[in-house]
Amino acid sequence: MELILESRAVLAKELLHVWRARARLVATGTFALATLLLFSFAGGLNDAALRENSAGYLWIGILLASTLALGEGLRVETEHNAIEMLLLLPVSPAAIFYGKAIGNLLVLLLVGIVMLPFLTVLFDATPTEGVGPLLLCLFAGSAAISAPGTLHATLAARARSRDVLLPLLLFPLVIPCVVAAVQATHLVYAGDPMDQLGSWLGVLFAFCVVHWSVGGLLYSRVVED
Amino acid sequence: MPDPAILATAVGRRFAGRWAVRDVSLTVAQGESVLVHGANGSGKTTLLRVLASAISPTAGSVTVLGKPAIEARSKVGLLSHADGHYDELSGRDNLELAVKLGHLPDRIDAVLERVGLAARAGDAVRGYSAGMRKRLAFARLLLKAPPVVLMDEPYAALDPAGHQFVDELCAEFSAQGATVLISTHQVGRVAQWCDRAIRMDQGRLGWSGDASELRTRPADAVAAAEERA
């Protein structure tokens with residue numbers, strides 16, 4: 001119960017901070033849209049191929065934008081050692097992890113939702129299975145990135161070259177999650193005659209369970225000096 | 001006999017192969033006020049951070065009020081160089097966060113008034129001067145009102161009125177029975193009210209004695225005391 005209350009307070013702080021520094025959020029969203037635009041140019045005039053790969057473009061955009069969002073989320077903690085202040089209050093490291101990870105999840109979810117109309121405009125992709133399953137894919141995929149992302153952003157936060165270190169640590173770890181998210185999202189867009197969507201979402205949620213559990217357990221090791 | 005407020009046993013802390021603090025053993029009684037002084041880089045900040053469990057010791061152990069330091073965090077207040085504020089939040093938001101997460105009494109208005117930030121409490125901290133940031137850190141310390149107070153360079157960035165405020169605050173903590181460890185270069189000033197002084201020298205405890213010896217011409221007094229030792 002204590003963990004839930006503390007996580008909720010950390011989450012409220014995260015959301016307030018995101019709102020007060022919303023220019024950074026806009027920049028992150030714009031960066032994600034710019035990647036979509038670049039893919040639309042790189043794909044040339046082959047409309048069918050663009051539409052076929054649109055789920056992949058969406059998730060690569062979200063993944064690249066996640067490094068900005070996650071890095072910013074930890075920059076504010078380390079700039080004046082605010083995370084140390086939280087620990088000395090004392091707040092449990094697990095509560096800090098869950099509060100921050102849920103905050104990052106919501107940011108990635110928002111970025112993904114903003115990207116969806118552009119996916120339709122740029123790649124002529126429409127979700128044939130409906131918007132509900134698409135949002136479920138976005139939620140599960142964002143959750144599968146945000147938990148390990150929060151953990152590794154904290155690991156990288158004190159390093160001198162943290163901007164480079166975070167993707168190097170994070171991307172190999174979340175490749176299976178991104179593959180599952182791309183497959184699930186592709187089925188939502190292209191149609192799911194073989195009923196495979198549930199399986200891919202199951203894989204994604206399994207990754208979420210592992211990453212969110214391990215993150216909560218390991219965060220004290222990462223954040224305590 | 002009550003547990004000592006702080007009991008450090010052979011504490012050492014190493015950064016990248018270099019010992020910042022080495023083999024420091026220290027006992028501070030409850031209610032005692034101790035001045036920690038020494039040259040730049042002598043290990044004062046590291047010692048205070050280890051005692052507050054902000055960083056873990058590489059060697060030795062620290063107990064606070066009879067418990068391992070990490071389990072006694074709610075009893076310790078650390079005022080450090082890095083103030084721990086969130087720049088985009090207002091001063092009041094920062095204090096509200098501390099109240100919520102630290103389960104502290106909601107005396108935010110009174111505390112803001114006390115530190116002289118009531119008029120700017122709604123402004124984002126990024127617009128605060130260094131002295132105002134320090135005052136906000138004092139406000140958080142006042143909210144916590146811990147029985148063990150560790151202050152690292154509390155006078156830095158403050159104007160003369162701020163210096164007076166720090167003196168009053170320390171006197172108030174001491175009057176309430178709190179244990180105060182204060183690391184500063186303002187040796188003559190702090191020696192006026194401290195019980196004991198310790199000097200850090202290249203990471204080790206160099207000299208320890210009655211603060212009264214430092215009340216006049218602190219540099220000479222330290223040299224004489226060290227010679228006697």
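Visitor: Is the crossing of H8(A) and H9(A) left-handed or right-handed?
Guide: This is a predicted model, in which local features need pLDDT of at least 70 and side-chain atom pairs count only at pLDDT 80 or more, while totals for chains, interfaces and linings use all residues. Residues are numbered from 1 along each chain as its sequence is written, and chains are lettered from A and ligands numbered from 1 in the order in which they are written. A crossing is left-handed if the near helix is turned anticlockwise from the far one by less than a right angle, and right-handed if clockwise. For H8(A) and H9(A), the crossing is left-handed.

Visitor: Are H8(A) and H9(A) roughly parallel or roughly antiparallel to each other?
Guide: The axes of helix H8 (residues 162-190) and helix H9 (residues 197-223) of chain A come within 9 Å and cross at roughly 150 degrees, where axes are lines fitted to C-alpha atoms, for helices over the stretch in contact, and angles run from 0 to 180 degrees between N-to-C directions. Angles under 35 degrees count as roughly parallel, over 145 as roughly antiparallel, 65 to 115 as roughly perpendicular and the rest as oblique. The two helices are therefore roughly antiparallel.

Visitor: How do H1(A) and H6(A) lie to each other?
Guide: The axes of helix H1 (residues 2-20) and helix H6 (residues 93-123), both of chain A, come within 7 Å and cross at roughly 40 degrees. That angle makes H1(A), relative to H6(A), oblique.

Visitor: What is the handedness of the crossing of H1(A) and H6(A)?
Guide: Residues of H1(A), including A:Leu3 and A:Val10, meet residues of H6(A), including A:Ala94 and A:Gly99, contact requiring C-beta atoms, placed from the backbone, within 7 Å. The crossing of these two helices is right-handed.

Visitor: How many helices and strands are there in chain B?
Guide: Helices (H or I, at least four residues) and strands (E, at least two) are DSSP runs, numbered from the N terminus. Counted in this way, chain B has seven helices and 10 strands.

Visitor: What radius of gyration does chain B have?
Guide: Along its principal axes, the C-alpha trace of chain B spans about 55 × 40 × 35 Å. The radius of gyration is taken over C-alpha atoms, and the globule rule is 2.2 Å times the number of residues to the power 0.38. Because a compact globule with 229 residues would have a value near 17 Å, chain B agrees with the rule, at 17 Å.

Notes: Contact = placed C-beta atoms within 7 Å.
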